[in-house]
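Let's take a walk through this protein together, starting with the overall fold and ending at a single side chain.

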Amino acid sequence: MIAKKINTALNAQVNAELFSAYLYMSMSAWCSQRSLSGMANWMRCQAQEEQFHAMKIYDYILERGGHISLDAIEKPSAEWDSPIALFEETARHEAKVTGLINDLVSLSIKEKDYAAHIFLQWFVTEQVEEEASVSEVLERMKMIGDDSAGMFAMDMELAKRLFTPPVAP
Ligand code: FEO
């Protein structure tokens with residue numbers, strides 16, 4: 001049986017992951033509205049990943065005999081000054097999520113919930129990958145700067161991303 005403190009914290013993380021999905025959907029729409037269809041695709045895949053993260057935690061709570069308590073999802077931003085600004089916010093957001101995951105890991109240690117601790121390792125690894133992939137796109141965009149041909153090529157590159165749900169566990 002899951003401890004109440006851990007259950008509450010994991011419920012909050014379900015909300016945080018769903019907010020992330022909402023934020024990336026909003027970013028995807030912003031890109032689509034500017035004919036940046038490759039970036040829109042990248043953000044849509046990112047949103048799908050976040051939904052997967054939310055459901056992974058949701059399933060874990062239920063598997064451990066816990067209680068799901070869904071909260072309202074905060075309204076995401078809808079306007080950015082440029083594609084670079086959009087990816088800068090993505091990088092900041094992922095760093096914030098990493099902090100939330102680290103807090104959960106700390107809590108699992110404090111509460112001696114070793115099952116939760118093992119479960120959360122997947123998210124620790126996932127955040128390393130998430131931060132690295134956003135950072136790579138952002139750094140390449142900064143190199144391109146105002147070069148529209150470069151941005152066009154970048155958009156074509158981001159069109160290739162596919163969302164593939166990770167295999168269990
Ligand atoms: Fe679920 Fe992008 O972290």
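**From fold to core**

Among contacts between residues at least 6 apart in sequence, 81% link residues at least 24 apart. Keep in mind that what you are looking at is a predicted model. The protein has five helices and zero strands, so its radius of gyration is a handy next stop: at 17 Å, this is close to the 15 Å that the globule rule gives for 169 residues, so the protein is as compact as a globular protein of that length. Along the principal axes, its C-alpha atoms fill a box of roughly 55 × 25 × 25 Å.

Now look inside. Buried residues account for 44% of the 169 residues. In soluble globular proteins, nonpolar side chains tend to be buried together. Here, the largest nonpolar core has 23 residues, and Met39, Leu86, Phe87, Met141 and Leu158 touch the most other members. Helices H1, H2, H3, H4 and H5 each supply at least two residues of this core, with the largest share, six residues, coming from H1. Another core, of 19 residues, lies apart from it and includes Ile101 and Phe123.

Beyond residues up to four places away in sequence, Phe87 touches partners including Met39, Trp42, Val134, Met141 and Leu158.

Finally, find Gln127 in helix H4, which spans residues 114–144. Is Gln127 buried or exposed? With a relative accessible area of 3%, Gln127 falls under the 20% cut-off, so it counts as buried. Leaving aside neighbours within four places in sequence, Gln127 is in contact with Glu94, Val97, Thr98 and Ile101.

Notes
Residues are numbered from 1 along each chain as its sequence is written. This is a predicted model: local features need pLDDT of at least 70, side-chain atom pairs count only at pLDDT 80 or more; totals for chains, interfaces and linings use all residues. Side-chain values use heavy atoms; hydrogens and water are left out. Helices (H or I, at least four residues) and strands (E, at least two) are DSSP runs, numbered from the N terminus. Buried means under 20% relative accessible area, exposed over 50%, partly exposed in between (1.4 Å probe, protein chains only). Contact means heavy atoms within 4.5 Å. A nonpolar core is a set of buried Ala, Val, Leu, Ile, Met, Phe, Trp, Tyr and Cys residues joined through side-chain atoms within 4.5 Å. The radius of gyration is taken over C-alpha atoms; the globule rule is 2.2 Å times the number of residues to the power 0.38.
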